[in-house]
Amino acid sequence: TFVVTGNLESLGRDDVEDLIKNYGGRITKAVSGKTSYLVVGDDPGPSKLEKAKKNKTWCLHEDDLLELLRASNPGGAASTQAADEPEPIVEEEAPVMKSEPVVKAEPAEKHQPASSAAKSKGKERASHPIPAANRASIAPGSQLWTDKYKPKTLDELCGHRTQAENLIKWLNVWATGKIPDPRAVLISGPPGIGKTTVANLASELAGFDVLELNASDQRNKKSLQEVLSPAIGNRSILEFDRNALSKLEDERDQLNGKGKFAGGQSGEKKLVIVMDEVDGMSGGDRGGNAELIQMIKRTRVPIICICNDRSSPKVRSLANSCYDLKFQRPRADQMKGRMMTIARNENLKLDENALRQLVESTQNDIRQIINLMSSYALKSSSMSYLDSKAFSSVNKKEVAVGPFDIIGKYLNGGVNMGMSFADKIDLYYNDFSIIPLFVQENYIDNTPNAARTGSNNKPAAELATLECLAEASDYISQADVVDSKIRGSQQWGLMPLHSVMSCVGPAYHMRGSHNGMYRFPGWLGQNSKGNKTSRLLREIQSNMRLRVSVDKTELRKSYIPAMVPELTRPLIDNQIEGADAVIGVMDHYYLNKDNWDAMLELHLGGVDILKQIPSTVKSAFTREYNKRTHPIAFQSSVGASAAKAAMKAAAIRPDDEGVVDDDMMEVDDDEDGGSDDDVGNDKLIKAPKAKAKRKTPTGGSGKAAPSKRRAPAKPRARK
């Protein structure tokens with residue numbers, strides 16, 4: 001176990017830590033009685049040197065550390081000791097230890113250096129890209145590791161044992177013939193941590209057959225009614241699928257060795273319905289969520305619902321009808337034993353630090369860790385810390401981190417100390433607008449690690465807490481100045497500085513243990529309330545402007561405290577008879593009923609004064625005020641336009657009946673020498689030529705026979 005302090009000459013802090021981890025060592029942030037070596041560089045931390053001297057911890061310079069690593073066994077495991085391991089190096093020239101060396105009181109055998117689990121892989125990979133021991137894993141028809149190593153007992157689970165036991169107890173109530181309340185279970189937690197695996201395992205151990213519906217199935221209202229209605233009634237849905245029943249019985253017989261259920265009921269067919277990914281019901285599953293809630297209320301078989309996002313609006317209504325089981329991400333030490341067993345069975349040599357790196361890069365996703373191990377086993381038979389770091393960086397899992405998770409990482413002492421400066425800044429960028437508010441809301445409830453002196457000196461601890469609070473509040477006040485520059489003049493290049501001032505700095509001083517639960521920022525609600533009261537005060541000032549000439553601040557400080565008693569005391573003393581006096585004061589200052597309510601809300605004791613007025617008196621006062629007419633100081637544009645329209649509608653119109661306009665009067669065209677209708681005066685219109693008279697037939701009279709044709713119509717005059 002190593003602790004690094006100060007700046008080394010040729011190696012950076014991350015390089016030193018990676019080197020130690022690659023050789024099987026463990027890195028911690030603080031010196032304790034379990035620390036084996038303290039690596040000292042330039043400008044070391046005085047507190048770490050003092051603790052090393054107190055615990056008699058061995059100190060090493062950079063050259064001593066490199067010599068120790070060279071002398072370690074490069075082919076052994078982390079716990080294997082080299083036969084020819086040299087004597088531990090005792091540091092006698094540490095900056096704070098010039099007078100006396102720091103030496104362990106225990107025998108030197110207890111502090112032998114950790115050996116390496118990594119090997120040189122150049123020659124190994126040159127012969128064949130896939131090791132012979134692992135070539136069978138890519139054979140046709142080979143089983144996935146996630147299916148091959150699916151837990152069969154509770155001991156094989158990576159955490160969640162308590163949740164699995166509670167689920168089995170709930171299923172056992174169904175097995176006895178009783179219907180528990182509630183009739184369904186809601187399992188919630190991040191993806192990849194084993195929620196569906198626990199549901200299936202608990203159902204098998206309780207003696208139930210599983211009918212699973214996930215996102216690949218259609219789960220709208222009609223489909224749920226067709227599929228689940230038989231199971232919800234008196235009949236069992238298994239009678240509709242004999243092949244599935246036969247297969248389940250064969251698997252159960254192989255598991256239990258006999259034709260009995262794990263619950264001890266022989267031959268009885270029991271069913272549990274697993275609704276996976278209920279928060280993923282999309283538009284194609286219209287009505288499915290509401291139908292599922294109704295089915296839960298009348299079901300006769302257990303229903304297990306699984307979701308990833310417990311706070312989803314689709315899940316909130318469902319959670320009220322279910323027994324809630326919340327799953328957390330398993331810790332690295334909970335997964336260590338199971339992952340090492342899988343690696344050993346697959347002939348994959350896995351270093352402990354490499355496993356921790358996989359856990360960190362996958363955000364504790366068990367399924368992804370197993371898949372990464374199976375993929376890596378195709379090209380190598382051993383994984384060192386550096387190998388896992390390079391491999392997991394390519395397959396790193398990015399997850400959305402909520403603000404409550406971020407504030408926990410900032411203020412939790414152990415988590416904060418294990419993060420680098422860059423990681424702390426990256427947390428700020430998840431939501432840079434609200435994370436500083438979370439820090440400002442919750443930092444005061446923390447007990448900082450610096451205040452834990454280890455003694456019963458309570459005044460000293462309180463003084464240390466106040467000093468940390470002062471430092472953190474100073475950072476937050478400076479962050480507010482930087483934030484005004486960013487948002488006021490759009491200087492977005494100051495955001496890294498703002499992240500340090502608003503989040504990283506306060507968390508550095510206040511990291512420790514939190515008292516209670518983390519709270520949502522109250523500033524958001526108070527800011528909304530402040531905007532509302534400012535608007536009410538502005539309206540009151542606008543109406544009173546004809547009587548008083550003060551700003552909003554003076555109105556709030558001087559006038560409202562003096563006027564509130566005049567507006568309420570008559571109603572308290574004289575009941576409704578005092579309404580005339582109150583309305584008289586309101587009309588004098590051009591106040592309306594909304595201003596009366598606002599002044600009571602703005603007054604410090606307004607709520608208590610309002611309680612002294614009976615509700616009947618308040619209702620009668622409102623009716624009395626609405627019956628009367630009141631003066632208005634300023635008329636709004638909407639009211640002015642409405643009044644103008646009403647005046648226009650009510651205006652007296654003149655009687656113009658019988659009046660002849662100029663357009664209606666006839667004009668004598670003779671005076672002009674022609675009419676507009678005369679086409680002869682229009683040069684653009686040619687008059688038709690007159691047709692010649694028809695000649696009479698020979699021997700007839702001189703008169704022509706009358707023609708039956710109509711005369712051509714007279715062309716219309718152009719107006």
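Helices here are DSSP runs of H or I, at least four residues long, numbered from the N terminus. One such run is helix α6, and it holds both Glu165 and Arg161, four residues apart, or about one turn of the helix. In this predicted model, these two residues form a salt bridge, with the closest N and O atoms 3.2 Å apart. Glu165 is partly exposed at 30% relative accessibility, and Arg161 is partly exposed as well, at 35%. In general, side chains of opposite charge can pair when their charged atoms come close.

Stepping back, the protein has 719 residues, and 38% of them count as buried. It contains 28 helices and twelve strands. The protein exposes about 42,700 Å², and carbon and sulfur atoms supply 50% of that.

A handy place to start is the open sheet of three strands, ordered β1-β2-β3 with parallel pairing. Strands β1 (2-5) and β3 (58-60) sit at the edges with a single partner strand each, so one side of each has no neighbour in the sheet. On average, neighbouring strands of this sheet are turned by 25° against each other, direction ignored. Four bridges hold β1 and β2 (residues 37-40) in parallel pairing, and Thr5 stands opposite Val40 in β2. Helix α3 (residues 62-71) packs on this sheet and touches β1, β2 and β3, with its direction at about 100° to that of β3.

Just after α7, Gly207 takes a positive phi of about 90°.

Back to charges: the whole structure has 22 salt bridges. In one of them, the side chains of Glu17 and Lys29 meet at 3.5 Å, N to O. This pair links distant parts of the chain, with Glu17 in helix α1 (residues 13-22) and Lys29 in the loop between α1 and β2, twelve residues apart. Glu17 counts as buried at 12% relative accessibility, whereas Lys29 is partly exposed at 32%.

Another salt bridge brings Asp580 and Arg628 together, with the closest N and O atoms 2.3 Å apart. Asp580 lies in helix α24 (residues 579-588) and Arg628 in the loop between α27 (615-627) and α28 (637-650), 48 residues apart. Asp580, Glu624, Lys627 and Arg628 are linked in a network of salt bridges.

Finally, the surface carries a nonpolar patch made of Phe404, Phe520, Trp523 and Leu524, with about 400 Å² of accessible area together. Trp523 belongs to helix α22 (residues 523-543) and counts as partly exposed, at 46% relative accessibility.

Methods
Residues are numbered from 1 along each chain as its sequence is written. This is a predicted model: local features need pLDDT of at least 70, side-chain atom pairs count only at pLDDT 80 or more; totals for chains, interfaces and linings use all residues. Side-chain values use heavy atoms; hydrogens and water are left out. Patches are made of residues with over 30% relative accessible area and no salt bridge: like charges are joined within 9 Å, nonpolar side chains (Val, Leu, Ile, Met, Phe, Trp, Tyr) within 5 Å. Accessible areas come from the Shrake-Rupley method with a 1.4 Å probe; for residues, only the protein chains shown count as cover. A salt bridge is a side-chain nitrogen of Lys or Arg within 4 Å of a carboxyl oxygen of Asp or Glu. Helices (H or I, at least four residues) and strands (E, at least two) are DSSP runs, numbered from the N terminus. Buried means under 20% relative accessible area, exposed over 50%, partly exposed in between (1.4 Å probe, protein chains only). Two strands pair if DSSP finds at least two bridges between them. Axes are lines fitted to C-alpha atoms, for helices over the stretch in contact, and angles run from 0 to 180 degrees between N-to-C directions. Contact means heavy atoms within 4.5 Å.
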